[in-house]
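Have the viewer open as you read.

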Amino acid sequence: MRTVSTERSAETAPSARRRWLLLAVVSAGLLLITLDNSILYAALPTLVQELGASSSEGLWIINAYPVVMAGLLLGSGTLGDRVGHRRMFLIGLVVFGAASLAAAFSPTPETLIAARALLAVGAAAMMPATLALIRITFEDERERNVAIAIWGTLAIVGSALGPIISGLLLQSFWWGSVFLINVPVVVAAIVATLVLAPPNAADPGRKWDLPSSLLALVALVGLVIAIKEAAKPEPALLPIAAAALAAAVGGWAFARRQRRLPDPLLDFSIFRNRAFLAGVLAAGFSLFAIAGIQLITTQRFQLVEGFTPLRAGLLVAAVALGALPTAMAGGATLHRVGLLPIIAGGLALSTVGSALILLTFDTSMGLLVTGLLITGAGLGAAMSVASSAIMGNVPARRAGMASSVEEVSYEFGSLIAVALLGSLLTSVYTATIDLPAGAPDSARDSLDSALAQAADHPGLIDAASTAFDGAYSTVMVVVTAVIAAGAIMTGILLRRHGPGSALSAPQH
């Protein structure tokens, strides 16, 4: 089988200026992808009202994007190894731009859900290609670590900017503007990629197995739906059982098929490398923390404190602000410090920040912001170096596969956080609210319901706010415990990767 080498001589390697400009281009693509994960949090009430969407349709307007993307990511990265990551990035940009136009002018909820699913197809094509192009273009390990650190930081920045940008746009424009803003960025990125990206390094001899990709899609989407259904306050057993069965059968058939293929979609042997596995876990734990804290904190400060969506978005942006310096420092010092202190230490630091949020969210805005900054600082370091651990511990020919595994970890961390923590927040509120005499029982459903009926029932706002703060505390305990578990697990896996150790390690 013919193998295409990604190593280039000094004469053919791209110049430093070209490399960093290409990083800016693929980073713009990543920023679009992560923005669309969170940009509808502030815009959803407007969307639901203007399109006449039901609560279930509103949920799928949000979820169609991450669910479809999670199902497609694994196959798209390996397909990129076959057809070339430059080509995959360009295809993804075109699909993403077209889907953005369709979403912006969607006349019905069903059309918007379909457009969001198409957005996910474009994002799934682009996302592994962004990281793989960095791996191919930056051949010097230290330079590549810095580039990947910048890439990793944008995953946090994009998530934090989503609610801010949607809040700003909705103050002056119609709801479709939150999608239309993608189009000029896509056009500029297509032109820049054609000029700056290295030649497309396709490997036609490398097989890509469509049935494997479909089985992965069934397994991943089934698992996501099962988690979401099980996390509801009143879960329905039949949908949970059907989704869990689809996930189990799809996963079993996928794993069985991979063991028989000469060119599997996923080579499970890459997980034997402890540094690679620690990087994958760190990515998942980090996005779980970011998505969870962002989701519940924006809700709490809008509903309890009366913040506007824009002000609440600016508050949680402190996580991204804290992440910027540590992500850059982590990538720049990795070759001296090693993986262990930055990944496990970063998660441990974010545990401290999360605990500070838990203890001060209702007493001191200054300490709350400090907690958000500390949390972001720890997660920024862990995420940027997690990417280096993943990409530095696979051969270049597995770059697409490795980047897909990382992106699936990111998406699942975020999906599980939204599904589990959002439902836990509602369940604890419903179970603990002490309704004043005469207040309708429907006020137990959510804090929104209680606020809508508060004018006729004195004391309802205080009771509902107290219950919601108790639910917030419960969820923050869970978030803090999960991050702490991540610090312990990655610390054990990386115990041989302390200061002065090499980034890459032999298979274990």
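Phe-301 has a relative accessibility of 2%, so it counts as buried (under 20% relative accessible area is buried, over 50% exposed, in between partly exposed; 1.4 Å probe, protein chains only). Phe-307, at 10%, counts as buried too. Before going on, note that this is a predicted model, where local features need pLDDT of at least 70, side-chain atom pairs count only at pLDDT 80 or more, and totals for chains, interfaces and linings use all residues. Numbering starts from 1 along each chain as its sequence is written, and side-chain values use heavy atoms, with hydrogens and water left out.

How many aromatic pairs does the structure hold? There are six aromatic pairs, where rings of Phe, Tyr and Trp (its six-membered ring) pair if their centres lie within 6.5 Å, and planes under 30 degrees apart are stacked, over 60 edge-to-face and the rest tilted. Two of them are laid out below.

| Pair | Centre distance | Plane angle | Class |
|---|---|---|---|
| Phe-301 and Phe-307 | 5.3 Å | 50° | tilted |
| Phe-361 and Tyr-472 | 4.5 Å | 45° | tilted |

Phe-361 sits in the loop between α13 (339–360) and α14 (365–391), while Tyr-472 is in helix α17 (residues 460–493), so their pairing ties together parts 111 residues apart in sequence. Phe-361 comes out buried at 5% relative accessibility, and Tyr-472 is buried at 0%.

Setting aside neighbours within four places in sequence, Asp-469 is in contact (heavy atoms within 4.5 Å) with Arg-300, Val-304, Phe-361 and Asp-362.

Zooming out, the protein comes to 17 helices and zero strands, taken as DSSP runs numbered from the N terminus (helices H or I, at least four residues; strands E, at least two). Of its 508 residues, 57% count as buried. Among contacts with a separation of 6 or more, 82% are between residues 24 or more positions apart.

On a 1 Å grid over the protein atoms alone, a pocket is an open set of points with protein on both sides within 12 Å along at least five of seven lines, a cavity is a set where a 1.4 Å probe fits but cannot get out, and lining residues have an atom within 4 Å of a point. Grid points are joined across faces, edges and corners, and a volume is the space filled by probe spheres set on the points.

Which element gives the largest share of that pocket's lining? It is α15, with six residues. The lining of the second largest pocket has 19 nonpolar, four polar and no charged residues (Ala, Val, Leu, Ile, Met, Phe, Trp, Tyr, Cys and Pro are nonpolar, Asp, Glu, Lys and Arg charged, the others, Gly among them, polar).

There are also five cavities of 30 Å³ or more, and the largest cavity has a volume of about 160 Å³.
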